[in-house]
Amino acid sequence: MLVSGLAVSIAAPAQAANTTYYVDSVAGLDSNTGLSQAQPWKSLGKVNATTFGSGDRILLKAGSRWTGQLWPKGSGAAGSPIVIDSYDSGAKPRIDGAGAVADAVRLFNQEYWTIRNIEVTNTVPPTGTPGANLRDLRGIHVSGDNSQTLDGFVIDAVNVHDVTGQVNWIGGDTADNAPGINFKTGWDASKKTGGIVFDTTVPNIAAPPSTPTILNNAVIQNSTIANTSFAGISIKQYTGSDTGAVATGWGSRANAGDTKFKPHTNFVIRNNYITQAGTNYGCNGIYMTDVRGGTIERNIVDRAGTSGIETYFADNVTIQFNEVFGTTQKAGGADSNGIDTDKATTAQVVQYNYIHHNGDGILLCQFAFGDVKVRYNVITSNTRYQIYLHSDAAANANVYNNTIYNDASNYLIYGYGDSLASRYAITNNILYTTRANATLTTSPTITYSRNLYGGAALSVPAGDTGAKVGDPRFVSAPINAPWGTPATGPALAAAHELQVSATSPAVNAGTAVSGNGGRDYAGNPLYNGAADIGAFEQAGGTVPPDVTQHTFDALPTGTLASGTDGLTVSAAGGSVAVIEVPSASDKSVLLTRTTNTGSTSVSQTFATPLVGTVTVEANVMRQSAYVSGNDYFAIPYIRGANGLNAVSLAMTKNTIQAYSGSTLVTVGSYTPGRWYNLRIVISTASQTFDLYLDGALVLDNSTFRNALPGVAQIDFYANSSNYGSVVVDDIRTSVAP
């Protein structure tokens, strides 16, 4: 049932603080008290007409739908915010602006609010003319004009989608205007539509107050923002750029110490899935401008337009642990980059990101001035420039310890013209290309030092006297692992395939960099031995030592006795034997189960459980296809000292399955007679594991079935009436602290 709710101009006071109010679009009545699930209110109008206080909760019934605007009044207090949330089970309650209101959910001159577990949309239906339905629209809008610092905003676990916001560009040529797309609109009119927008204004642009309104301490997290334009998330400060306005300078920045610049403060954007795949007008995934003290982390930005993550007029912002892919040009935008530190941005740090399959990987576009560190990122398969140097002379960038794998472009690092007056230090990076003579731009202001150049022929910059040239010896390249999804989060571990072996020329070949962040892309401490080149630092310059390794090649063919090579063997219900497969010099172990007695297993037990990062690897094969009956062979079970399975892998009924938490997931299928390599990387610190099948990441950051303080047993196993056989070879266990 759709119920329109119009904002009421005079808000009535709530009954008391720390009160919970219930709202149900179907069974509610505005004449009810709203104080219990049995007496819920009905309309948005009732909520909007009420002034709430600290500690109050506004609970919207799951499955309810409203058309109109949600704008409750009042403010919370520090430690006692006003909370909008859902109650009961079912779909998130939905607020549909229907294109009839500028903001589907609005807060204005309010503070200390938490909004969670709601669905928001604001769509003008399309017409026969593309773009003609775009308007000045937002999903969730937090704003103000009261010259105060407004504190304490949390937006958590919301679903904002399909907001048909117009596309207004700061500059450009108005001759390029099109329906819904406008150029040269200036700062204040531009880039302020989309899914979630934080901005401020003034009561009268011709006579602005002397003090700005500043938004402070905001968190946007755990949410999905899909197909919203202009932006997924946008943050802006007012500056007075419109015709007839008196300029304040609050939202622009003439130099790093500009005292007129009054940015918003302390913004965190984390754990969100942002996609613009379904709109031709989505032109920024995350647009963080006019912010001092920002963190953008562990987000996926999927097929945005122009820039996946962009900062502009910003200071002290860290962009880390994000996966950005599929960025393209949209709606007149000139760019298509994964991450861009743009105009007048200082103390920017771009680290530990996985940036792939965009137009440009990282764009350094610090017009006017700026400084940025780009370190320990994995950048791969971008179609134009992996790193684009495009800053003005007063900017400088330190680009170090990144792994760049180019298989889609004729350019690795590129810049031109006046942009080459800026200073760029390119140090300790792996620069790998499958395309011969991929461009590495040089100029007197670009310093190449201690990089590794590999793959097809490259022209090594003459100034890099410490260069290494050769095969980096990647673990598995190109990356052949799934991209991140809303369910998995950023697939950061997929990039681990571009780690290098212990014999790589990158190991111990770099130069130490001060203030390096203390860790590499994978979380390894810096440095272990001399500095390595690339995004991954090896432990002491070596791979983790094997705790155990079983190849079976030196064992006699036939029955495998318990205790051999430190293995515990049970042949109950069948047999366990060393066989000459694949060959007499390369043997394996065959577990066969024929009767319902005991268990048939080969296991390794550790008297002192292994802790840290434990890697278990094996090659496995089923010799015949599944026909009927039970058919479950553990390959392996990994247990703690309590005997409970923490990691459970199996070949069963022509599939390979694993438990991710309590959920059984099919990660692949198998062909009889074909070997499969399984690699499980276990973290007892984070209580998660990654699973690789033939080198491809198929489970990322999966939780254990049961807690695992340490790995006590690895067991290849079948019991009960699981008849059949499995072949196991090359069992290897290693551990890193």
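On a 1 Å grid laid over the protein atoms alone, a pocket is an open set of points with protein on both sides within 12 Å along at least five of seven lines, and a lining residue has an atom within 4 Å of a point. The model here is predicted, so local features need pLDDT of at least 70 and side-chain atom pairs count only at pLDDT 80 or more, while totals for linings use all residues. Residues are numbered from 1 along each chain as its sequence is written.

So what lines the second largest pocket? There are 20 lining residues, with Trp169, Lys191, Thr306, Ala334 and Asp335 nearest the centre. By type, the lining splits into eight nonpolar, seven polar and five charged residues. Strand β27 (residues 306–312) supplies three residues, the largest share; a strand is a DSSP run of E, at least two residues long, numbered from the N terminus.

Strand β27 also belongs to an open sheet of eleven strands, ordered β10-β13-β18-β21-β24-β27-β30-β33-β36-β39-β42 with parallel pairing (two strands pair if DSSP finds at least two bridges between them). At the edges stand β10 (103–108) and β42 (439–440), each with a single partner strand, so one side of each has no neighbour in the sheet. Further in, five bridges tie β27 to β30 (residues 336–341), and the two run parallel. Threonine 306 sits opposite serine 336 in β30.

Elsewhere, leucine 60 touches (heavy atoms within 4.5 Å) a set of residues including Val23, Trp66, Leu70, Tyr87 and Ile118, leaving aside residues up to four places away in sequence.

Notes:
Side-chain values use heavy atoms; hydrogens and water are left out. On a 1 Å grid over the protein atoms alone, a cavity is a set of points where a 1.4 Å probe fits but cannot get out, and a pocket is an open set with protein on both sides within 12 Å along at least five of seven lines; lining residues have an atom within 4 Å of a point. Helices (H or I, at least four residues) and strands (E, at least two) are DSSP runs, numbered from the N terminus. Ala, Val, Leu, Ile, Met, Phe, Trp, Tyr, Cys and Pro count as nonpolar, Asp, Glu, Lys and Arg as charged, and the others, Gly among them, as polar.
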